[in-house]
Amino acid sequence: MKKDDNCIFCKIANGEIPSATVYEDEEFRAILDLGPASVGHTLILPKGHAADILEMKEDTALLGRAFALAGKIGEAQKKGLKAAGFNVVQNNGTAAGQTVFHFHIHVIPRYEGGEEMVAWKPGSQEEDARNKTAEAIRAAL
Ligand code: 5GP
Ligand code: ZN
């Protein structure tokens, strides 16, 4: 994947803009989020540009390594920051809260007695409607 000269996360991932880096290899840089949900909130950025997961999906190996790295960072947050758990979050599209259009994974440590991340209120759907919804997704795959 190539860099995009107009993308701020391409510049950060490739070291052209400094960041609080927690991990780097030839494919990724993991940095602290400027507006953290909790102390240690980390973003995993591939060094190549892809706007979102739809642009990443052709490269399943890279995507797999990105999520494996999310687990490694979460484990380090537990050991290094005494986090009790962590959320792995990845937003796609404005409607889903994506604000920077360079694929990234959030790894958000959660602390004992701290705020939990609950991104939705559990709702309900009748069985017929649920089956139709499942069919609509199945048919689109
Ligand atoms: P999104 O909402 O797109 O999933 O997440 C973008 C995240 O990037 C936000 O949590 C925001 O705080 C963070 N962010 C935006 N600009 C910068 C930046 O220049 N540096 C860092 N470290 N984080 C940024
Ligand atoms: Zn980019």
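In what order do the five strands form the open sheet, and is the pairing parallel or antiparallel? The order is 1-2-3-5-4 and the pairing is antiparallel. The model is predicted: local features need pLDDT of at least 70, side-chain atom pairs count only at pLDDT 80 or more, and totals for chains, interfaces and linings use all residues. Residues are numbered from 1 along each chain as its sequence is written, while chains are lettered from A and ligands numbered from 1 in the order in which they are written.

**View 1. The chain and its elements.** The chain holds four helices and five strands, where helices (H or I, at least four residues) and strands (E, at least two) are DSSP runs numbered from the N terminus. Read from the N terminus, the elements follow the pattern α-β-β-β-α-α-β-β-α. Along the principal axes, the C-alpha atoms fill a box of roughly 50 × 40 × 25 Å. Of the 141 residues, 22% count as buried (20 or more other C-beta atoms within 10 Å of the residue's own, with C-beta atoms placed from the backbone).

View 2. Strand 1 (21-24) and strand 4 (85-89) are the edge strands, each pairing on one side only; two strands pair if DSSP finds at least two bridges between them. From one strand to the next, the twist averages 20°.

**View 3. The hairpin of strands 1 and 2.** Three residues lie between strand 1 and strand 2 in this hairpin. The two strands run antiparallel and are joined by three bridges. Glutamate 24 stands opposite arginine 29 of strand 2.

**View 4. Strand 3 beside strand 5.** Strand 3 (residues 42-46) and strand 5 (residues 105-110) run antiparallel, with three bridges joining them. Isoleucine 44 has isoleucine 105 in strand 5 as its bridge partner.

**View 5. Helix 3 on the sheet.** Helix 3 (residues 60-81) lies across strand 1, strand 2 (28-32), strand 3, strand 4 and strand 5. Helix 3 runs at about 20° to strand 5; axes are lines fitted to C-alpha atoms, for helices over the stretch in contact (C-beta atoms, placed from the backbone, within 7 Å), and angles run from 0 to 180 degrees between N-to-C directions.

**View 6. The shell around ligand 1.** Ligand 1 is surrounded by 13 residues, the closest being Leu34, Gly35, Asn91, Thr99 and Val100; a residue is near a molecule if its C-beta atom, placed from the backbone, lies within 6 Å of it. The shell divides into six nonpolar, six polar and one charged residue. Ala, Val, Leu, Ile, Met, Phe, Trp, Tyr, Cys and Pro count as nonpolar, Asp, Glu, Lys and Arg as charged, and the others, Gly among them, as polar.

Key:
Two residues are in contact if their C-beta atoms, placed from the backbone, lie within 7 Å. A residue is buried if 20 or more other C-beta atoms lie within 10 Å of its own, exposed if 12 or fewer, and partly exposed in between; C-beta atoms are placed from the backbone.
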